[in-house]
Amino acid sequence: MINLKKLFIDTETSGFKPGQICQLTYTITEDDKVTVAKNFFLSCDFIEPDAQKVHGFSVEKLKILSCGKTFKDIAGEVVDDLKDGIFIAHNAPFDVKFVKTEIERAQYPFEIADQFCTMRYFENIIKLKGKYKGKYKWPKLEETMKFLNIDTAGKGFNEGLRKLYGDEGISFHDARFDVCGLITVYYKAMKMGYKM
């Protein structure tokens, strides 16, 4: 993939069908240098119990973390940041659907021209046994990182997390951690010769 604007994104959501985004995190690189790193916690009307089990955010907790901000409050900023780049995520179709739904709900025009999914890319490389005969399962981000020998407890990973988002001591299913993991997967895989 040529050097262009890359949008590394993760969302934590109110459910599994487009409802609301609870947390939106993205890092943008241009010519493979970080130009933007943002994290938003967002107030939601309702969180499905299964989604809350995954990310741990309740409606009450999000009211505090977001200071009452909803996606509509940040939509213009997000649209400006995310235009004209390739959208990169682990399960990109899921994140694309939520981001597009929220932006359209806020009544902004928005198109995602191109996307790249690390989860689907690594499916036939990692080859994890799936439920169905002859089909591999989609690897979780954690499984992809393990396959590429990425140490999330290591000094380098935690320094990257702190530089990008001013945080450490967070883990999988906090979108900041997952975006840092996604970036590490993408660039390590490129160094190893995978065609990203």
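Which residues in H7 meet which residues in H8? Before turning to them, a word on what you are looking at. This is a predicted model, in which local features need pLDDT of at least 70, side-chain atom pairs count only at pLDDT 80 or more, and totals for chains, interfaces and linings use all residues. Residues are numbered from 1 along each chain as its sequence is written, and side-chain values use heavy atoms, with hydrogens and water left out.

Now to the helices. On the H7 side you will find Phe157, Gly160, Leu161, Leu164 and Tyr165, and they meet Arg176, Phe177, Val179, Cys180, Gly181, Ile183 and Thr184 of H8; contact here means heavy atoms within 4.5 Å. Sorted by class, this contact has eight nonpolar, three polar and one charged residues. In that sorting, Ala, Val, Leu, Ile, Met, Phe, Trp, Tyr, Cys and Pro count as nonpolar, Asp, Glu, Lys and Arg as charged, and the others, Gly among them, as polar. Helices (H or I, at least four residues) and strands (E, at least two) are DSSP runs, numbered from the N terminus.

How do these two helices lie? H7 covers residues 155-165 and H8 residues 175-191, and they pack at an angle of about 120 degrees with their axes 10 Å apart. The axes are lines fitted to C-alpha atoms, for helices over the stretch in contact, and angles run from 0 to 180 degrees between N-to-C directions. H7 and H8 are therefore oblique to each other, since angles under 35 degrees count as roughly parallel, over 145 as roughly antiparallel, 65 to 115 as roughly perpendicular and the rest as oblique. Their crossing is right-handed; a crossing is left-handed if the near helix is turned anticlockwise from the far one by less than a right angle, and right-handed if clockwise.

Next, visit H3 and H4, whose axes come within 9 Å and cross at roughly 115 degrees. The crossing of H3 and H4 is left-handed. Phe71, Val78, Val79 and Leu82 of H3 make the contact with Val99, Glu102 and Ile103 of H4. By class, that gives six nonpolar, no polar and one charged residues.

Let us move on to charged pairs. Side chains of opposite charge can pair when their charged atoms come close. The structure holds eleven salt bridges, each being a side-chain nitrogen of Lys or Arg within 4 Å of a carboxyl oxygen of Asp or Glu. In one of them, lysine 38 pairs with glutamate 77, with the closest N and O atoms 2.7 Å apart. This pair links distant parts of the chain, as lysine 38 sits in strand S3 (residues 33-41) and glutamate 77 in helix H3 (residues 71-82), 39 residues apart. Lys38 and Glu77 also join Asp81 in a network of salt bridges. Lysine 38 is partly exposed at 22% relative accessible area, and glutamate 77 is partly exposed at 34%; buried means under 20%, exposed over 50%, and partly exposed in between (1.4 Å probe, protein chains only).

Another salt bridge joins lysine 100 and glutamate 111, with 3.8 Å between the closest N and O atoms. Lysine 100 lies in helix H4 (residues 92-105) and glutamate 111 in the loop between H4 and strand S5 (114-117), so the pair ties together parts eleven residues apart in sequence. Glutamate 111 is exposed, at 65%.

A last stop is serine 14, in the loop between strand S1 (6-13) and strand S2 (21-30). Serine 14 is buried, with a relative accessible area of 8%.
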